[in-house]
Amino acid sequence: MFETEYINENWRQTLQSNHAANFDALWQLQQDNWFEAPNQRRGGWSGVCKTTLTMPDGGETGIFIKRQENHFYRSWRHGFQLRPTFEREYRNIMAFHRHGVPTVELIYFGCRKVDGKWRAILVTRELQGYRPLEDAAGLMSSALPLAERKALFANLAASLRKMHGAGFQHNCLYPKHLFVRREAGTATASCFIDLEKARKTMRPERAAIKDLGIMHRHTENCSKTDRLRFFLAYRQETKLSAASKAMIKTITRPKTRAPVSAARETVTADQTAQKMQPGKNVSTNNAASMNAAINQQGKLMLSSVRYPLFLAAMTLTLWLILRLGLWLEVGPEELSLGESLRVFGLGAWFDFWTLAWLVSGFLLISALLGNRFRAGRIAHAIRWAVAWGAVAALLFGIVSEYLFWQEFSTRFNFIALDYLIYTHEVIGNIRESYPVMWIFAAIGLLASLIVWVCSRYLRFADNPHSWQQRAFLGALALILPLSANLFANLDQTALSGNAYAQELGANGLFNLAAAMRRNDLDYNRFYATIPQTEADATLAALGVRRRPDMHKVNLPAGNDGMGPFIKRPKNLVMITVESLSASYLGTYGNQENLTPELDKLAKQGLKFEHLYATGTRTVRGLEALSLGTPPIPGQAIVRRPDNDHLATLGEYLEIQGYATEFVYGGYGYFDNMNAYFEGNDFKVTDRTDFDAQSIVMENVWGVADESLFDNAMLSLDRAAAGTQPFFVQIMTTSNHRPFTFPDGRIDMPAGSRKAAVKYTDYAIGRFIEQARSEPWFDDTLFVIVADHCASVAGKSRLPVAKYHIPMIFYAPALLKPATHTRMASQIDVPPTLLDLLGVAGAEHFFGQNMFAADTTAPRAFVSNYQSLGYYKNDQLVVLLPKQQVEAYRIDPQTYEAEPAEADRQMVKEAIAYYQTAANAFKHGGLKELPVMAASSPLDVAVTVN
């Protein structure tokens, strides 16, 4: 809501001379002299005063001052925010004047916030010589001469026709809101007032029916003949046409009907009267007849509706409510008016075509059912039972999508499809995070209430079907889903550049079906491409020289690429932290003291200021941190077949003498983690291998992080007892809904993301302190890095800020405290670590050593399952299916994105990276290169076949 003021320039001098030219003066003017006492509604009050103004020529004129305080309505034009009701009347008065529709003269309108309350003033000139139609004695009766009545009817009809022709519907056309004035001879004039409820309409005939119907019901003293004269004048006819007759029938239709209960009471009273008569008994047949009469009368009171149409209307209504709820959850301020209109327009489009699939089965059943069965009681009972089940399922879908939106800020997509595979974890997470039984009870109760209310007003049509009707229903059942495939496509949501608008305009079930088809996107088929030779040359110019004819892999020479390290580490421990955005850490600017331990480690170690995750899920983080490849569209490589013996960080370390192990706090079958790491020569340890005595607490996703680190310490001690250096990767789980952890560890209660972040920080600090006393500590580099951010919600398709993650290298005996300010990607971590350890293999990765002297501009890769982003030089290039390319200018401070013209060289670089990575995996180019290891992993001569 905002403050505003309008003054009619023709009245400004008059208002000034009467000391009433501003909001405050008008508010005080005749404040207690109410013409209409204030009504207390809509959260506040609204009233009307009448006073006079002295005109510049010395005369006087009457004005009406309408005041209100906290008297609101909600407008879709302003995102359903509260607006003063006078604002609507002010807007309508101005619109009526623009279209030449007679109404009051507006003098002033103003809206102000005073003492925390919203006040509004509307000032109009008195209609001198006019009287409301209801008070104009004789004007609507036969007492008025016929010529004058005809003139009155002609003028009223012309005014109404002009209003409806301009596309307005008054909506409250009582005789008291239509003023008339008798002029010279038989001439009259008319004028509309109280336009608060008037609205624009695209259907003038519907507006006429509504307004004329109100007039008809509130002009009792007008004869039928005069009503006909007025209607003929309105329709500009001398004789009623068929259309006019149909309109009159609609207008004069009674609006009230006796309720079913009244009919039942009438019959019951008749029964009682019969029983009270001496010698009279009510026979069984008579009772049955009476019950039949009751039922028949009851049926007559109900509106008949076809069953598939009922289900369709219910489905579309509930989906609209869901979309409205998600729109409010996002916040209307995140979308422009045009984007909001597209959201609901596009949403209706997808809802309709999704419904086309769902309702086709009911249409087919309706076509096949026999007429006798359709009309029976069993069929009616089944219909209502199925209706209850359908409503309950829709409500369950609404709750599910709302909770999914809170977690991922998207409608159902491929993530939801993945979760359907891992029902144990997902259902367990839901049970631990939400009051499931209460939710189910509420859904069942609400579904019952909705169905009960519908049953009070509706009955399902059971009239016999002819063979033509059956053929039509059967054909419709086939045509609708085929048409949905033809006309609706998920790519149509890309009409807006606002990611919120794209998601809100989609349909969750439609998205889920599309995810089943698009889970594996072939890059060359769906995305922009360039000749592979050109792609290879482009990457070579960027320092990526992954050639299949490479004969030798060179070891890092001397201290090249070691950055602040004093000497090379012997062992490597990587702590991959679940869902840790950089914005949660104090060292990255957070002021809530959520990560005191990590902040301390960052000061004592090497903090990476600008590191970006490649994706939005754990599998993407594991893929980038192990395989060092840009994310390929569709499913992550961790979850794809033929993902064993790849050129991963662990694979290269294992074949050069390292003991490698992956330690996970949950069940490693989730997201295919066990199979991926075992297939790439890791020993895998998950919660099934932990001693039950070592677990202080667990939830469906995994054990508490402190228990994970205690078991990881056992693995590290076993590895250190051997003769090999070791690489152990640890994957945490506590920073995941339901955000539970043991009591007494931190100063925040469990159950929130921030509390889980602080607990994970506590567990990491505890682990580092335990490791500090181990003999292998001084030779070990600890890498603490997030797998992805906590949220990916944003207005842009790939909000860069939501990919900013922390990374800390901690090895006090090996490196000097420093901050690495150069931008980097998760895929740069594997080659950097290989070079730091002094072993071979870094040249096989798409990523680069972050400490190497390089003159090329830094870049990062950000993606979701189908949008592939390339971030460089404050510009983001996004590759999309159907060979589309978008570009955005990114503010380096706020990360705000603005559409921009794509830099052709950047587009070529983005295509080169993503195309080459996708084809390399498809054709085996990411498989490990055979490496000949010498006796010491730190002193090897390596050759590649």
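Colleague: How many helices and strands does the protein have?

Modeller: The protein has 29 helices and 31 strands. Both kinds of element are DSSP runs numbered from the N terminus, with helices (H or I) of at least four residues and strands (E) of at least two. Bear in mind that this is a predicted model, in which local features need pLDDT of at least 70, side-chain atom pairs count only at pLDDT 80 or more, and totals for chains, interfaces and linings use all residues. Residues are numbered from 1 along each chain as its sequence is written, and side-chain values use heavy atoms, with hydrogens and water left out.

Colleague: What percentage of the residues count as buried?

Modeller: Buried means under 20% relative accessible area, exposed means over 50%, and partly exposed is in between, with a 1.4 Å probe and protein chains only. Here 53% of the 945 residues count as buried.

Colleague: And which share of the contacts joins residues 24 or more positions apart?

Modeller: A contact means heavy atoms within 4.5 Å. Among contacts in the protein with a separation of 6 or more, 71% are between residues 24 or more positions apart.

Colleague: Now sheets, please. Which strands does E8 pair with, and in which sense?

Modeller: Two strands pair if DSSP finds at least two bridges between them. Strand E4 (residues 60-69) is joined to E8 by seven bridges, and the two run antiparallel. Strand E7 (residues 106-114) is also antiparallel to E8, with eight bridges. Val123 of E8 is a handy place to look: Ile65 stands opposite Val123, and Val123 is also the bridge partner of Tyr108.

Colleague: Why is E8 described as largely enclosed?

Modeller: Strand E8 spans residues 117-125, and seven of its nine residues are buried, so the rest of the structure largely encloses it. Look also at the hairpin of E7 and E8: there are two residues between the strands, and Asp115 takes a positive phi near 55°.

Colleague: What is the order of the strands in the open sheet of eight?

Modeller: The order is E20-E19-E21-E16-E22-E24-E17-E25, with mixed pairing. At the edges stand strand E20 (683-685) and strand E25 (818-820), each with a single partner strand, so one side of each has no neighbour in the sheet. From one strand to the next, the twist averages 15°; angles here run from 0 to 180 degrees between N-to-C directions, and axes are lines fitted to C-alpha atoms, for helices over the stretch in contact.

Colleague: What about E22: how many of its residues are buried?

Modeller: Strand E22 (residues 780-786) is mostly covered, with seven of its seven residues buried. Thr780, Phe782, Ile784 and Ala786 point one way, while Leu781, Val783 and Val785 point the other way, and all are buried. Strand E16 (residues 571-577) pairs with E22 in the parallel sense over seven bridges, where Val577 has Ala786 as its bridge partner. Four bridges join E22 to strand E24 (residues 807-810) in an antiparallel arrangement, and there Val783 is partnered by Phe809.

Colleague: Finally, how are two packed helices described?

Modeller: The description uses the angle between their axes and the distance between the axes. Helix H26 (residues 705-721) and helix H27 (residues 753-772) pack at about 25°, with axes 9 Å apart. H26 and H27 are therefore roughly parallel; angles under 35 degrees count as roughly parallel, over 145 as roughly antiparallel, 65 to 115 as roughly perpendicular and the rest as oblique.

Colleague: Which residues make the contact?

Modeller: H26 contributes Asp705, Glu706, Phe709, Asp710, Met713 and Leu716, and H27 contributes Tyr759, Thr760, Tyr762, Ala763, Ile764, Arg766, Phe767, Gln770 and Ala771. They divide into nine nonpolar, two polar and four charged, where Ala, Val, Leu, Ile, Met, Phe, Trp, Tyr, Cys and Pro count as nonpolar, Asp, Glu, Lys and Arg as charged, and the others, Gly among them, as polar.
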